[in-house]
Amino acid sequence: MKTRTQELKAEEYIDSIFKKIRETDGRIHAYVTVVEEMALKKARELDKKIRRGEKVGRLAGVAVAVKDNICISGVRTTCSSKMLENFTSPYDATVVERLNKEDAIIVGKTNMDEFAMGSSTEFSAFGVTRNPYDEDRVPGGSSGGSAAAVASKEATLALGSDTGGSVRCPAAFCSVVGLKPTYGLVSRFGLISYANSLEQIGPITKDIRDCALLLNCIAGHDVNDATSVEKLSEDYTKYLAEVDGIKVGIPKEFFGEGVQDVVAKQVWQALHKLEEANVICEEISWKDLDSALAAYYIIAMAEASSNLARFDGIRYGSGMISGARDWNTVFSKNRSLGFGFEVKRRIILGSYALSAGYYDEYYLKAQKIRTIVRKYLDEAFKRFDVLASPTMPVLPFKIGEKVGNPLEIYTCDILTVPANLAGVPAISIPCGFVEGLPVGLQFIAPHFREDQLFRIAHTFEGLQKSRVS
Amino acid sequence: MVSKRKAISRKEVEHIAWLARIELSKKEEEIFTEQLNRILEYFSKIDRVDTGKVEPTYHVLDLANVFRVDEVKPSSPDAILKEVPNMKDRWIKAPRMA
């Protein structure tokens with residue numbers, strides 16, 4: 001890294017990032033909060049550290065954007081919600097602590113769908129983020145700000161969170177790399193929870209090497225996250241090697257009804273290219289794919305209703321001045337004022353799905369379908385190393401196009417939710433443009449087999465580069 | 001497997017909104033009732049799937065009883081209390097119960 005040798009001072013580089021943000025973010029609106037003073041101070045200190053000959057971290061001087069549902073001590077953390085509009089986090093998320101330990105320079109908090117509920121970043125309470133490839137279109141969501149920031153070079157690396165596709169979707173729409181790690185690989189401590197059994201923090205980067213580097217820095221057991229896993233640490237950059245004879249399963253329903261022809265065609269072309277590199281592709285079938293989407297939403301909404309119950313506007317967050325009203329009235333009013341429509345919709349549906357008389361019919365049934373999804377993938381992975389599909393069933397759509405009909409937004413997640421339900425890792429990598437709009441190719445691997453994802457993604461990236469010359 | 005699912009009524013939406021402690025206007029109740037019913041109709045796809053002998057998955061990892069050593073570490077509530085909207089001394093001011 002250039003800053004390490006002081007060929008480029010960290011302060012200069014970070015300064016140029018903020019210059020880019022000033023030039024770009026008025027239009028793109030990737031950021032909710034920008035921390036220029038804090039970042040420049042850190043950059044100066046890092047330069048001094050380097051000049052003193054001290055050892056520096058693996059991300060020394062690199063500009064990182066962090067999704068606004070990840071807590072940074074002393075920094076406004078809003079989840080793009082009015083409820084937390086003026087909330088300053090009193091602590092650092094574990095991933096942030098790890099970034100700091102590696103001397104990364106966090107430059108700002110990125111825009112998202114409110115409380116991570118959405119697939120387009122249109123549900124942010126602070127305005128929409130625009131797709132850098134077509135500013136009339138959405139960047140995807142819910143980590144739209146993070147993907148847009150990397151795509152428009154307003155940051156070098158970014159962190160997002162993925163509950164039903166929220167890292168992979170914007171990565172696909174903004175032509176960058178986005179990884180959802182295996183559930184339990186990355187600590188969720190400090191990630192403001194939407195659906196705790198489904199979500200993971202994941203890297204959003206311009207290429208696969210950066211993705212491996214960033215994952216190296218954030219992965220690993222955390223005593224503060226009881227759902228994080230103790231396993232031997234890996235160097236994911238080791239897997240950036242040519243793959244030979246990897247077997248890819250292609251569920252034909254992932255290219256079927258609901259998937260735009262142009263998207264399917266682009267992804268098929270990408271898969272054919274992989275066959276040139278001795279990758280074996282074979283079609284398989286996955287019936288009941290749409291029941292997986294319904295199951296996902298029932299589970300996610302049910303967990304959301306529980307995870308968002310804490311927001312009362314009384315202990316922290318935004319609330320009305322109470323006056324003479326009673327607890328329940330104030331509590332209900334604060335939540336009514338603080339939450340947007342989509343959040344309210346999901347909390348109410350989630351509460352319904354969990355309520356007495358409906359629990360078996362909805363929540364319990366959905367958790368059984370979850371088992372079926374898990375078993376299907378276990379079986380498929382006996383025959384194949386990875387599965388492949390388009391990341392999104394559609395091209396990036398116009399801002400405002402789908403926002404009036406919730407179901408239209410929900411069905412965008414149909415190809416990404418199975419990985420969250422089963423807890424397996426999945427990655428989206430750019431596979432070209434159609435009508436000038438980015439298309440993403442998704443690979444899904446078994447639990448803790450990120451190595452396979454890196455191998456095949458690196459191979460594909462190599463093939464892409466050799467073609468575009 | 002025909003769904004015997006009833007539509008969700010406006011009264012039910014009102015009740016659930018109360019359980020979730022979210023105040024809805026009458027207009028919002030109306031809009032939500034319509035939207036929720038369309039979404040629930042989509043959800044009824046799950047009825048098609050035979051889950052007779054299937055166990056539910058609540059968590060994807062086989063983790064159970066994750067403990068840590070019970071040791072006291074230093075911590076201060078100052079940064080946390082700075083976020084309280086209404087305070088009196090070190091007390092959080094809250095509305096009366098009823």
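# Exercises on a predicted two-chain model

The structure holds three cavities of 30 Å³ or more.

## Exercise 1. Open pockets

Task: Describe the largest pocket by volume, central residues, contributing element and residue class. Repeat the analysis for the second largest pocket.

Solution. 

Step 1. The largest pocket holds about 950 Å³ of space. Of the 33 residues in its lining, A:Cys71, A:Pro90, A:Tyr91, A:Phe189 and A:Gly190 lie nearest the centre.

Step 2. Helix H3 (residues 78-81) of chain B supplies the largest share of this lining, namely three residues.

Step 3. The lining of the largest pocket comprises 17 nonpolar, nine charged and seven polar residues.

Step 4. The second largest pocket has a volume of about 820 Å³. It is lined by 32 residues, and A:Val150, A:Thr156, A:Lys206, A:Asp207 and A:Asp210 lie nearest its centre.

Step 5. Elements of chain A that give two or more residues to the lining of the second largest pocket are helix H1 (10-28), helix H4 (144-151), H6, strand S10 (426-434) and helix H14 (450-467).

Step 6. By class, the lining of the second largest pocket has 20 nonpolar, eight charged and four polar residues.

## Exercise 2. A helix pair in chain A

Task: Determine how helix H3 of chain A is oriented to helix H6 of chain A, and identify the residues that form the contact.

Solution. 

Step 1. The axes of H3 (residues 94-101) and H6 (residues 208-218), both of chain A, come within 8 Å and cross at roughly 110°.

Step 2. Angles of 65 to 115 degrees count as roughly perpendicular, so H3(A) is roughly perpendicular to H6(A).

Step 3. H3(A) contributes A:Val95, A:Arg98 and A:Leu99 to the contact, while H6(A) contributes A:Leu214, A:Cys217 and A:Ile218.

Step 4. The contact residues comprise five nonpolar and one charged, with no polar residue.

## Exercise 3. Backbone features in two loops

Task: Which residues does a cis peptide bond join, and in which loop is A:Ser142 found? What is the phi of A:Glu435, and in which loop is A:Glu435 found?

Solution. 

Step 1. The cis peptide bond links A:Gly141 to A:Ser142, with omega about 10°. A:Ser142 belongs to the loop between strand S3 (105-110) and H4 of chain A.

Step 2. A:Glu435 is not a glycine, yet its phi is positive, at about 55°. This residue, A:Glu435, sits in the loop between S10 and strand S11 (437-444) of chain A.

## Exercise 4. The form of each chain

Task: Compare the radius of gyration of chain A and of chain B with the value from the globule rule.

Solution. 

Step 1. Chain A has 14 helices and eleven strands. Its C-alpha atoms fill a box of roughly 70 × 65 × 45 Å along the principal axes.

Step 2. A compact globule of 469 residues would have a radius of gyration near 23 Å; the 21 Å of chain A agrees with this.

Step 3. Chain B has three helices and two strands, in the order α-α-α-β-β from the N terminus.

Step 4. For the 98 residues of chain B the globule rule gives 13 Å; the radius of gyration is 23 Å, well over that value, so chain B is more spread out than a compact globule.

Step 5. The C-alpha trace of chain B spans about 60 × 45 × 20 Å along its principal axes.

Methods
Residues numbered from 1 in each chain as written. Chains lettered and ligands numbered in written order. Predicted model: local features only at pLDDT ≥ 70, side-chain atom pairs only at ≥ 80, totals over all residues. Heavy atoms only, no water. Axes fitted to C-alpha atoms, helices over the stretch in contact; angles between N-to-C directions. Helix = DSSP H or I, 4+ residues; strand = E, 2+ residues; numbered from the N terminus. Parallel < 35°, antiparallel > 145°, perpendicular 65-115°, else oblique. Contact = heavy atoms within 4.5 Å. Nonpolar A, V, L, I, M, F, W, Y, C, P; charged D, E, K, R; others polar. 1 Å grid on protein atoms, 1.4 Å probe; cavity = no way out; pocket = protein on both sides within 12 Å on 5 of 7 lines; lining within 4 Å. Points joined across faces, edges and corners; volume = space filled by probe spheres on them. Rg over C-alpha atoms; globule rule 2.2 N^0.38 Å.
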